[in-house]
Amino acid sequence: MAEDLLDFAAEPATALASPALPPWLVLIVDDDPSVHSVTRLALRDMLHAGRKLLFLSAYSAAEARQMLAIYPDIALILLDVVMEAEDAGLRLIRTVREEMGNHDVRIILRTGQPGQAPEREVVERYDINDYRAKDELTARRLWTSVYTALRAFEQIRALDQHRASLTHVLDASARLFGEHDPERLAHAAVDALSAVAGPGAGVLLVRCDRLPDGTAGEPRLLAGIGEGRVAMTPGALAHLVPAEMGQQVAAALAAGTAQSGKDWFALPANLSMDAAIILHLSHLAPGRVPDAGMLSLFARTVAIALENARMLVQLSKDRTHDRATGLLNRLGFIQAIETRLARMQPGGADSVAVGIIDLRHFRDINQELGVAAGDRLLVSTAQRVTAAAGPEAVCGRTGADQFALLLPGAPALAAARDAVHAVAGAVSEPVILAGREVHPMSSPGLAWCNCPGRHGEELLARAEESMQASKRAYGRLQEVVIGADRADGGRLGLTMELGTALKQGQFELYYQPIVDAATREIVAFEALVRWNHPSRGIVIPAAFIPTAEETGLIVPIGTWVMREAALQTADWTRRAGRPVWVSVNISAAQLSEPGFLDNVRQVIADSGVDPTLLKLEVTESTIIGDPAHAAEILTGLRDLGIRLCMDDFGTGYSNLSYLQTLPFDFLKVDRAFVSSMIDRFESRTILRTMLALAQQLALEVVAEGVETDEQADELSRLGCGFLQGYLYGRPMPALEAGRFIGV
C-alpha cells in the first residue's frame, strides 16, 4: 500500500506520560469485536502531550450515544459506518453534532463497505476529522489520523477555554465597574480570576505603593483565594504567603511585564501614578496557563475599577471631611450639629453648644513663612483643638483659618464658656514653624442653644457672629444665646421678626467680587442678602434663610433681592461705562410661585437693567422636585435675555441630563473641589473633566471658594473662565463694592 506523501513522525521514544495528567478518552464504535482489539493493539503505546489514551468501547450507535452522555470529555470517536443499520454511523454523527450539540469531539469515520457511503459526499455533508476504508487504515496511517484528531481536539478545547475565559472576564469587568466598595471589588476580581484559573488554583490580588524615592513599598494583599478555596485575610503579603510567591510578585513588579513559571503566572498593572497591582495565579494545571493578553486587559480593568472606587470613597469622605487636617469640614460639622439638635426634646433641660476658634493673622504667617509652614500650623491647631476639647467633642475645620467644636452632652452656658476659653488658650500656645517660634493668636466664639427646632447652619452662623463680636471686643468672648427663655422667642419669634424686617427695610445686599480668570479684573458680583438686625447687627443668611424657606417668606425676600440687585447693576454699568453683571440666587419656592416670570419682567422694566447683566443661579435641588416646571420657567427666563447658572455643580446628584435639556449659560463649581485641588490629584481630575464638559456644551465656568494665588493660577490653566472667593474679596456693602470698580 502506498504511503502518504506527507507523514507525521512519531513522538520521541523518550517521551513519558505524566501521571498527573488525565488520559485522552477515545471511543471505538464498531459492531466487530476484532476491530476493537486491533485498534487498541495498534495505539497501545501512543502518547500525545504527555497523556496516554484510554479506550472506551461501544458496539452500536445506541451504545455510543449512552457513552457520550456519560463521558462528555471524549476527545475522539473511531466510528464504523455500517452497524445495526447501513447508515447507523452517519446518523450518530448527526445526533452528536445537532442533538447533543457536541462540536468539539473529533470523529474518524471507518468503513468496510466504501460504496455504502461515498467518501466525497460524506466529507461534504458531515463534520468529521477523517474518513478511511478499513483495509487502507494501516497502523501508521491510523496513528497519524488519531494524532491529528487529538491535536485538533486539544486546540479546539483551548480555544473554547479562552473564549469562555474571555466571556467570563468581560462579564466580570462590567460587574466590577458597578461595585463602589474597594474591598468588595477586590474580592469580586479574585472570584472572577479563580474561575479563569481553574479548580485548585490559588489567586492573589496584591497592591504595592511606590515610595517617594522611586522604590517599591511593601506589597499588601487586597484579596486572595488559597488552598481549598479558602478566602485569605488582607494584610502584608510577606506574612501570608510562602517566600517563593512573594519573590514571584516582586519579579513581576520589577519587570513591569507578565512573568510565569511551571505552574504560576504573575502580571502587574499600574493602579495610579504612585501604586500598582499584581495579579498572581498559582498551582495552575498543565495547559491551564491563561492568555496573557486577556489577563492584561482584565488587570487594567481591575486597576481602573479599584482607582474609581477609591476615588469615590475619597470624594464621599471629602464631602464631609477636611483633607488637610482630617477633621470634619463645614458640611460635615453642620450635619453633626443637626444630629445633635434632632435629639433635643421640647421642654427638656437639654442644650447644644457650638464653639468657634479663629486663627488671627494666618494669611500673614503664610506670606512670611511660606505655605508649608501655614499647613503645619493648621495641622498643629487641629491637634490642639481636638486634644483640648476632649475625646467626646466633635471638631471641625469650617473655614480656611477657622475651627469649630461641638461640645459633648448638654453643657450649661458657664461650662461651655469655660470649654471654649480652654481650647482658645491651647491654640494660642507657641509653636515652632520654619525654625521660628510663632505665637498664634485666636478669637473665640460661642453659640449656646437650649430649645429644639433650630438648624445646624443657624447655630454655626451664630457662633461665627459671636466670634466677630469677640474680635470687636478685643478678644473677650461675646457668646450668643438661643433659647426659649431669651429675647429671640424661638422659631415663631424669628418668623415674626422676618416679617417686620421686610416691612421696615432691615435687609441689605452684600456683594462678593467675581473676576475674569485671564485678566483678574472684576467683571461681576454675587448679591448676597444680609439682615441688619436692630439688636444683633448683621445676620448672615444661614441664620434666617431656612426659616424664611419654611414659612414662605423667602418669596418676597427673593423678589426684593432681585429688584435691588437689578437696580444696583444698572447703576454700576452706567457709572463705570462698562457692563457689570450681578448673580442672584433663586430658591425652589420662587420658581414654584405663580407669576414668577411676570415679577421678573416687572423688575427688568422698573430697574431699566439690561437683562443680559442679570445672572440667576439655581441648584440641582431647586430643579429636582419638578424638572418639567423648572424647565418651563428657566426657558422663560432665558427668553427674557437673563443668563442662567447651575450652582454647586459637582455635588448632590450632578445629573448631566439637566445640562443637556435646560438652558444654562454657566456652571458654578463647588468650593469643595477648589479647596482640595492643590493637594488632591482626584479633585484636579474632576475639575478638568467638568471644564472639558462645559467647553463641549459651550458653558462658562465660575469657580467659587478661591482663596490662594496657587488655586487661581491652576484654575486659569485648566481653562476656568471666572473666579470668586476671599482671594478677591469677601462679601461687602454696595458702597465698598463700587470702589472696586471705580465708581
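The dialogue below takes up a helix, then aromatic rings.

Q: What should I know before reading this model?

A: This is a predicted model, where local features need pLDDT of at least 70, side-chain atom pairs count only at pLDDT 80 or more, and totals for chains, interfaces and linings use all residues. Residues are numbered from 1 along each chain as its sequence is written, and side-chain values use heavy atoms, with hydrogens and water left out.

Q: What span should helix H12 have, and how far apart are its end C-alpha atoms?

A: Helices (H or I, at least four residues) and strands (E, at least two) are DSSP runs, numbered from the N terminus. The expected span of a helix is 1.5 Å times one less than its number of residues. For the 15 residues of H12 (413–427) that gives 21 Å, and its end C-alpha atoms are 21 Å apart, in agreement.

Q: Which residues of H12 are buried?

A: Buried means under 20% relative accessible area, exposed over 50%, partly exposed in between (1.4 Å probe, protein chains only). In H12 these are Leu413, Ala416, Val420, Val423, Ala424 and Val427.

Q: How many aromatic pairs are there?

A: Rings of Phe, Tyr and Trp (its six-membered ring) pair if their centres lie within 6.5 Å; planes under 30 degrees apart are stacked, over 60 edge-to-face, the rest tilted. A search of the whole structure gives ten. Among them, tryptophan 143 and tyrosine 147 are stacked, at 5.1 Å centre to centre with 5° between the planes. Four residues apart in helix H5 (139–177), tryptophan 143 and tyrosine 147 are separated by about one helical turn.
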